[in-house]
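Open the model in your viewer and keep the selection panel at hand. The tour below goes from one selection to the next.

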Amino acid sequence: MENPTSQKLFDSATELIPGGVNSPARAWRSVGGTPLFFESGQGSRINDVDGNSYIDYVCSWGPLILGHSHPDVVQAAQDATAKGASFGAPTAYEVETARLVVDAVPSIEMVRFVNSGTEATMSAMRLARAATGRNLILKFDGGYHGHDDALLVRAGSGLATSGIADSAGVNPKLAEDTIVAPYNDLEAIEQIFDAHSERIACVIIEPIAGNMGVVPADPEFLTGLRRITADEGCLLIFDEVISGFRAAFGGAQEVYGVYPDITCLGKIIGGGFPVGAYGASVELMSHVAPLGPMYQAGTLSGNPVAMAAGAATIRHLAKPDTYARLALTTAQLADGLREIFNETETPATVNHATGMLTLFFGVDSVKDMTTAANNDHQQFTSFFHKMLEHGVYLPPSPYEAWFISLAHTSEDIDATLQAVRDSL
Ligand SMILES: *Cc1c(COP(=O)(O)O)cnc(C)c1O
């Protein structure tokens, strides 16, 4: 596939924008090569600026669960835009989308919309500190919750290593308040609470991890985490920015039957427009201004276009059989991959949950960041480029989730599996 226009655009972009991109993963640093520039998408397919077409498993990193340019979403966004892109005052759209979210997500009674998942987790932490009067945050190694200072921390080895920031420019005083624990390890959690009892404001977790590759939590681990945090008077935050409206209509909390104190949402609930949200019980949300003393605001929060696109998406997802269909398509891809690796005796693991999947080369099981990091990076890199040649656009890193949308057909999956055979 030729991509001279992408090359040219990327050359200009690198002069004007750091690394040529507005979010680092888009720069393909992990796999090398020139990132493709896209100009349109339709259903499961995207078209680059040189006229090449691909089956898309990035789906804008999660939001596009209905596929690209779904007619209901396009119509809703167009109608809202024509009436006025923003008022900085309440609109009916916010009420409708809030109603849909509250009705869908079991643990949310009241919700506040923001503009990104980062803002959602940042605000949820502030709420946890406001409600508990405590300061420490516990997160998991390999858990990504946006780029807020306190959460850009990941721990070296060992149990509750007090945070060493991954990123330059993070206030070390903030990072010190973040404790990092290994995922799926309840014993580690117990030890951390023994050492820091009554000082931890909240535990924040992706109940189905999507940012160390897909790693679902063990059910006993989530149940244990719920029990311990409740006993300790510490709030449990589910970051469902990916899993919300994906793992099930009510998110991972519906799948596991484990309910957090605070839920963070994003991605899908904006239908492809910038959005985030955090929600909880009425009692907890009463800490948020103007009801309470915890300040949090946003000029474009609850933006009518994003709310309209989000509501159109959620209404579509509420139809019967949606998630059964998504689960089936995902299983067809996951099982098909496993079969190919079996036949070809390629050492690899496929982890999946409804609508999301990661293939780890060279490892036989992945349950946390340490085991994820054992994957064969080099093999993924050459696989990524071969798949591209065969018309399949995968996330450009072995630690990302492939996103399956409702627009992906059984034929798309068959074509993808054929591309995998050819690539191997
Ligand atoms: C994408 C993501 C975020 C951050 O959302 P942004 O809209 O990119 O700020 C937070 N948490 C998780 C689990 C995510 O996948």
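Start with the aromatic side chains. This is a predicted model, and a search of the whole of it finds 14 aromatic pairs. Select F140 and F221, which form one of them. The two ring centres are 5.7 Å apart and the planes meet at 80°, so this pair is edge-to-face.

Next come two backbone details. Most residues other than glycine have a negative phi, and most peptide bonds are trans. Select N184, in the loop between β7 (178–181) and α6 (186–196). Phi of N184 is near 65°, a positive value in a residue other than glycine. Then move to A289 and P290, which are joined by a cis peptide bond with omega of about 10°. P290 is in the loop between α9 (282–285) and α10 (304–317).

Now zoom out and colour the chain by domain. Domain 1 covers 4–69 + 321–423, and domain 2 covers 71–317. Their centres, taken over C-alpha atoms, are separated by 25 Å. To see where the domains touch, select the 30 residues from domain 1 and the 30 residues from domain 2 that make the contact.

What is found at this interface? The area buried between domain 1 and domain 2 is about 2300 Å², and carbon and sulfur atoms give 65% of that area. Nine residue pairs are in polar contact between the two domains, counting pairs with both residues at pLDDT 80 or more.

Finish on the side of domain 1 that touches domain 2. Select α11 (322–343), β14 (348–353), β15 (356–361) and α12 (369–372), the elements that give two or more residues to this side. Which of them gives the most? β15 does, with four residues. Colouring this side by class shows 19 nonpolar, eight polar and three charged residues.

Definitions and conventions. Residues numbered from 1 in each chain as written. Predicted model: local features only at pLDDT ≥ 70, side-chain atom pairs only at ≥ 80, totals over all residues. Heavy atoms only, no water. Domains from an automatic or database assignment. Contact = heavy atoms within 4.5 Å. Buried area = accessible area lost by both parts, 1.4 Å probe. Polar contact = N/O pair within 3.5 Å; in protein donor to acceptor, adjacent residues only side chain to side chain. Nonpolar A, V, L, I, M, F, W, Y, C, P; charged D, E, K, R; others polar. Phe/Tyr/Trp six-rings, centres within 6.5 Å; stacked < 30°, edge-to-face > 60°.
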